[in-house]
Amino acid sequence: MKKNIVLSGFMGTGKSTVGKALAQRLGWGFVDTDEQIELLSGMKISKIFSEFGEDVFRRFETLIVFNVSKLSNYVVSVGGGTLVNPFNREILSKNALIITFMAQPEVIYSRICSNRDRPLLDLGREDLILERIRDLLEKRMKYYFMSDFLLDTSFKEICELVDEIIDQIYNLVF
């Protein structure tokens, strides 16, 4: 039996917000791998990207994924690119049900457009961000489809998403 729930998906799909609510409902712990990377490195993720590049960020990410994969009874929010790495997918799937959150690119844009702390969307031109979201989604989609199930978060409330996840888990177990 898998002991954790991993929430994956593109930035702005609600992983952290819904993850905290889901953990609370289940009486489980919650951990956000991006927050753990910032604690471990002592830097904001945007600074890791700007000073050392994405490869260094991904190494921190894999280390944190390895650590959180050993937990039990946790809801884990992982970054939007975490599942692209086969090692991350393998180690997470051994001990966790993996749920990927999806949302329409326009919805993602509306949720994150005011947050400038997103290094993969730091393009210097506002008009390019939506196209970048579409491009990254297309590249990551095949990895997202490797999840145990997908959940569209585009126009749903937090409590509605928590209910859907619990229903899906119940259907998988029984």
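On a 1 Å grid over the protein atoms alone, a pocket is an open set of points with protein on both sides within 12 Å along at least five of seven lines, and its lining residues have an atom within 4 Å of a point. The structure is a predicted model, in which local features need a pLDDT of at least 70 and side-chain atom pairs count only at pLDDT 80 or more, whereas totals for chains, interfaces and linings use all residues. Residues are numbered from 1 along each chain as its sequence is written, and side-chain values use heavy atoms, with hydrogens and water left out.

The largest pocket holds about 680 Å³ of space, where a volume is the space filled by probe spheres (1.4 Å probe) set on the grid points, which are joined across faces, edges and corners. Its lining is made up of 30 residues, and those nearest the centre of the pocket are Met-11, Lys-15, Asp-34, Ile-45 and Arg-118. Helices (H or I, at least four residues) and strands (E, at least two) are taken as DSSP runs and numbered from the N terminus. In these terms, at least two lining residues of the largest pocket come from each of helix 1 (15-26), helix 2 (33-41), helix 3 (45-52) and helix 4 (54-68), and the largest share, 4 residues, belongs to helix 1. Sorted by class, this lining contains 13 charged, 10 polar and 7 nonpolar residues, with Ala, Val, Leu, Ile, Met, Phe, Trp, Tyr, Cys and Pro counted as nonpolar, Asp, Glu, Lys and Arg as charged, and the others, Gly among them, as polar.

The second largest pocket has a volume of about 220 Å³. Among the residues that line the second largest pocket are Met-1, Lys-2, Trp-28, Leu-97 and Ile-166. Strand 1 (4-9) and helix 8 (158-173) each contribute at least two residues to this lining, and helix 8 gives the most, with 4 residues. The lining of the second largest pocket divides into 9 nonpolar residues, 1 polar residue and 1 charged residue.

Strands of a sheet pair through backbone hydrogen bonds, either parallel or antiparallel. In this model, 5 strands form an open sheet in the order 2-3-1-4-5, with parallel pairing, two strands being taken as paired if DSSP finds at least two bridges between them. Strand 2 (29-32) and strand 5 (149-152) stand at the edges and have a single partner strand each, so one side of each is left without a neighbour in the sheet. On average, and with direction ignored, neighbouring strands of this sheet are turned by 25° against each other; axes are lines fitted to C-alpha atoms, for helices over the stretch in contact, and angles run from 0 to 180 degrees between N-to-C directions.

Strand 2 and strand 3 (residues 74-77) are joined in the parallel sense over 4 bridges, and Gly-29 has Tyr-74 in strand 3 as its bridge partner. Helix 5 (residues 86-95) packs on the sheet and touches strand 1 and strand 4 (96-102), its direction making about 120° with that of strand 4, where contact means heavy atoms within 4.5 Å. Helix 7 (residues 129-144) lies across strand 1, strand 4 and strand 5, and runs at about 150° to strand 4.

Val-6 has Val-76 in strand 3 as its bridge partner and stands opposite Ile-98 in strand 4.

Two single residues complete the description. Thr-62, in helix 4, is buried, with a relative accessible area of 19%, and touches Asn-85, Phe-87 and Asn-88, not counting residues up to four places away in sequence. Asn-73 is located in the loop between helix 4 and strand 3 and counts as partly exposed at 40% relative accessibility. Most residues other than glycine have a negative phi. Asn-73, although not a glycine, has a positive phi of about 60°.

Conventions:
Buried < 20%, exposed > 50% of the residue type's maximum accessible area, 1.4 Å probe, protein only.
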